[in-house]
Amino acid sequence: MVKSDNFFTNMNQPLNMDSDPPFLQSYKTLIDNTIKETSDIFDNEFVIVEECELPLIDLSRLLSVEESETEECKKQIATASQEWGFFQVINHGISRDILEKMRNEQVKVFKQPFDKKSKEDKFMNFPAGSYRWGTPTATCLKQLSWSEAFHIPMTAISADFGSLSSTMEQFATTVAVLAQKLAEILAEKLGHKSTFFQENCLPSTCYLRMNRYPPCPIPLQIHGLMPHTDSDFLTILHQDEVGGLQLVKDGKWIAVKPNPEALTINIGDLFQAWSNDVYKSVKHRVVTNPSEERFSIAYFLCPSYDTVIQNSEPSVYRKFSFREFRQQVQEDVQKLGHKVGLPRFLLSH
């Protein structure tokens, strides 16, 4: 039950930091209207059945001289992608030192004043339009994401980023190799020994997203990132130990237990379509924390817009290009307030 007295007291309080986006001020009308419409918000949506550990895969086994050991590791990757759509990897080739430096540099970026981050001209020489926060198209609280992010194309990573540059470049280069390797293994387990991902998922088509989830001080349960599936082939995520990532398993929301030694991998929509529903693109979200901020960085393995997604017959999906998929997603978000995704491209649709 929402206590409106406490809420309006919080609404009148100034921002804790000038680096935080003005969520309370900008979405005041949206929040007010929601409170008038209902006093119980997200009661069922935010019930978590359990906290779980994702399948954990040791990638050092891929280097084993024993072929059976290597094949078992590949099998684990494919099985997790079929049954969970998510898994975690250790011994992934990215040093703890780089991951810690990446987070420290990321914190410095987000601690810059909001006025600087949100200017339309370049901030810290990031490409114009890289910074995003909230949900501009939100018409209700379910559609609001209490977070801010920088979307950085891989080709935009340059020496102009200052101390962030070398760390980001090391992280991006290594994680790109990992993404290609995992995609190759998943393709192999489908019976495809192709160069599809090397040919279509290039540095010019992939990008990084640095995320920050500020503490959410109002007494409502609001998403840090609203429920969605990823519109790519693979996502590789490094997150801190605050937690908040949740996914759907067997029709229920479960909370992912953070593992500081691991990277989290998830299947995107394009891989589900390309695999003809063998691998699963699973709905996931991030929930807010009332007192702690959360940081993460994600790498998205994306193809060029002209890349055509198709698979062997009989196919569940019609043939479509990545450009067509992205345009349909954007149209649905504008009209409906949320993404529809792959169901739009079913042959039976």
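This is a predicted model: local features need pLDDT of at least 70, side-chain atom pairs count only at pLDDT 80 or more; totals for chains, interfaces and linings use all residues.

Colleague: Among contacts between residues at least 6 apart in sequence, what percentage join residues at least 24 apart?
Modeller: The protein chain has 349 residues, and 51% of them count as buried. For contacts between residues at least 6 apart in sequence, the share that joins residues at least 24 apart is 79%.

Colleague: Which residues line the largest cavity?
Modeller: The structure holds 1 cavity of 30 Å³ or more, and about 30 Å³ of space lies in the largest cavity. Its lining divides into 4 nonpolar, 3 polar and 1 charged residues. By name, the lining residues are Ala273, Ile309, Gln310, Asn311, Ser315, Tyr317, Arg318 and Phe320.

Colleague: Is Cys52 buried or exposed?
Modeller: A disulfide is a covalent bond between the sulfur atoms of two cysteines, but a search of the whole structure finds 0 disulfides. Cys140, at 26% relative accessibility, counts as partly exposed. Because the cut-off for burial is under 20% relative accessible area, Cys52, at 11%, counts as buried.

Colleague: Which residues does Lys249 touch, not counting residues up to four places away in sequence?
Modeller: Lys249 lies in strand S9, which covers residues 245-249. From Lys249 to Lys283 the separation is 34 residues in sequence and 8.9 Å in space, C-alpha to C-alpha. Leaving aside residues up to four places away in sequence, Lys249 touches Glu83, Trp84 and Ile254.

Colleague: Where is Asn276 found, given its positive phi?
Modeller: Most residues other than glycine have a negative phi. Asn276, which is not a glycine, has a positive phi near 60 degrees, and with a relative accessible area of 22% Asn276 is partly exposed. Asn276 is found in the loop between helix H9 (269-274) and strand S12 (284-287).

Colleague: What is the phi of Asp277?
Modeller: Asp277 lies in the loop between H9 and S12. With a relative accessible area of 23%, which is not under the 20% cut-off for burial, Asp277 is partly exposed. Although Asp277 is not a glycine, its phi is positive, at about 75 degrees.

Definitions and conventions
Residues are numbered from 1 along each chain as its sequence is written. Side-chain values use heavy atoms; hydrogens and water are left out. Buried means under 20% relative accessible area, exposed over 50%, partly exposed in between (1.4 Å probe, protein chains only). Contact means heavy atoms within 4.5 Å. On a 1 Å grid over the protein atoms alone, a cavity is a set of points where a 1.4 Å probe fits but cannot get out, and a pocket is an open set with protein on both sides within 12 Å along at least five of seven lines; lining residues have an atom within 4 Å of a point. Grid points are joined across faces, edges and corners, and a volume is the space filled by probe spheres set on the points. Ala, Val, Leu, Ile, Met, Phe, Trp, Tyr, Cys and Pro count as nonpolar, Asp, Glu, Lys and Arg as charged, and the others, Gly among them, as polar. A disulfide is a pair of cysteine sulfur atoms within 2.5 Å. Helices (H or I, at least four residues) and strands (E, at least two) are DSSP runs, numbered from the N terminus.
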